[in-house]
Amino acid sequence: MTRLVTFSVQLAALVGLLTTGGCKLARSEAAKTTEQNTAATPPPLTIQVARPVWRMVQRTAQGQGALFAKESVILSNKMPGYVNRVLIDFGDKVKAGQVLAEMEREELELQVDAAESAVKQAQATFIRAQGEYERAQQLFAEQIVPPQRRDTAEAEYKVAEAGVHSAEKALALAQKRLRDTRIISPVNGFVQQRFVNPGEYLPAASKLLEVVIVNPLKLRTPVPERYARLVRIGLPLRVEVDALPGESFDGTLTRIAAGVDHATRSLLVEAEIPNPEGKLRPGYFAHVTGVMGEETALFIPRSGLYRFAGVERVFVVTGNTVTSREVKSGVEDEVLVEIAEGLTENEHVAVSALDRLADGMAVQFQGAEAQ
């Protein structure tokens, strides 16, 4: 009996020792877990932030266009016939009033001679009829001839007078046709194309030559819809061409299309480019820069714009959290960059450690206004 009591006491003591050791071990493991969790949570990243600022910016639009002749004149023959002479060739410089080609003239010269003879004959008939009419009037006044004689003389006189007018007009028409055999340049310019050779027979209104005006030249270029509201007549433009590296040419906007092209979302404009030395040529591809005007725009420090794989982003700071947002930039310099879309003036953006930020990350920040 005594042995049994002793064993029970020893067993109870052992159980109590094990229980006490287990509690101490559990508390030790919990403390260790708490310390590990605390060590695993990093402190918020410290960043600098900036608030967007408004700045005045000069808008320049750059684009491509093409140069065209100021005017392109197709010269043709008015009357059918053979080509007698071609006095110029492709690329020649011509002046207004210069004879460029000539159609066959011999037949028309004979027609002019015949018309001149017809005029002389009509004039002689008129003079005779006029004399007869004047005598008939005198004799009728003296009551020597009856009224019918006077009336007949008057009618013959008027017919002869009309015959003179008709002959003169026929002569003028023949002379005009003879003049039309000479193909004359109506403008100062250059021969762009020659379509005929001497000896060819051509029907009326056949193309003979093309003459182009190259001073000034016309420039046509599309303006993006975004800048369409800034386009105005008289806007200065600067033009550069690949054929003349290092040289630029000034021009002025002269015409604006009535509407925007639905396919390209651009507005076609036309400008005049002075070309007194003839360096520029129709057909040149042109790089165009236009000063569109000034307006205010929103800017942030360049360090606040994150670019990757063609996508532009800023990290907007709200409270102690950053949010990634896609934006569209505009002009920029060494310090600032314009944010054209995606940001408002009342928001703040991160301007440091952008490569360490992620959407929804907790941060602590310092202010740094854009300058």
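User: To how many salt bridges does the count come?

Analyst: This is a predicted model, in which local features need pLDDT of at least 70 and side-chain atom pairs count only at pLDDT 80 or more, while totals for chains, interfaces and linings use all residues. Residues are numbered from 1 along each chain as its sequence is written, and side-chain values use heavy atoms, with hydrogens and water left out. A salt bridge is a side-chain nitrogen of Lys or Arg within 4 Å of a carboxyl oxygen of Asp or Glu. By this rule, the count comes to 20.

User: With which residue does Lys 78 form a salt bridge?

Analyst: Lys 78 lies in the loop between strand 2 (53-76) and strand 3 (81-86), and its partner, 102 residues apart, lies in the loop between helix 3 (147-179) and strand 6 (182-184). Helices (H or I, at least four residues) and strands (E, at least two) are DSSP runs, numbered from the N terminus. The closest N and O atoms are 4.0 Å apart, and the partner is Asp 180.

User: What separates Glu 154 and Lys 158 in helix 3?

Analyst: These two residues form a salt bridge, with the closest N and O atoms 3.5 Å apart. Because Glu 154 and Lys 158 are four residues apart in helix 3, their separation is about one helical turn.

User: Is Glu 312 buried or exposed?

Analyst: Buried means under 20% relative accessible area, exposed over 50%, and partly exposed in between (1.4 Å probe, protein chains only). Arg 307, which forms a salt bridge with Glu 312, is partly exposed at 42%. Glu 312 has a relative accessible area of 17%, and is therefore buried.
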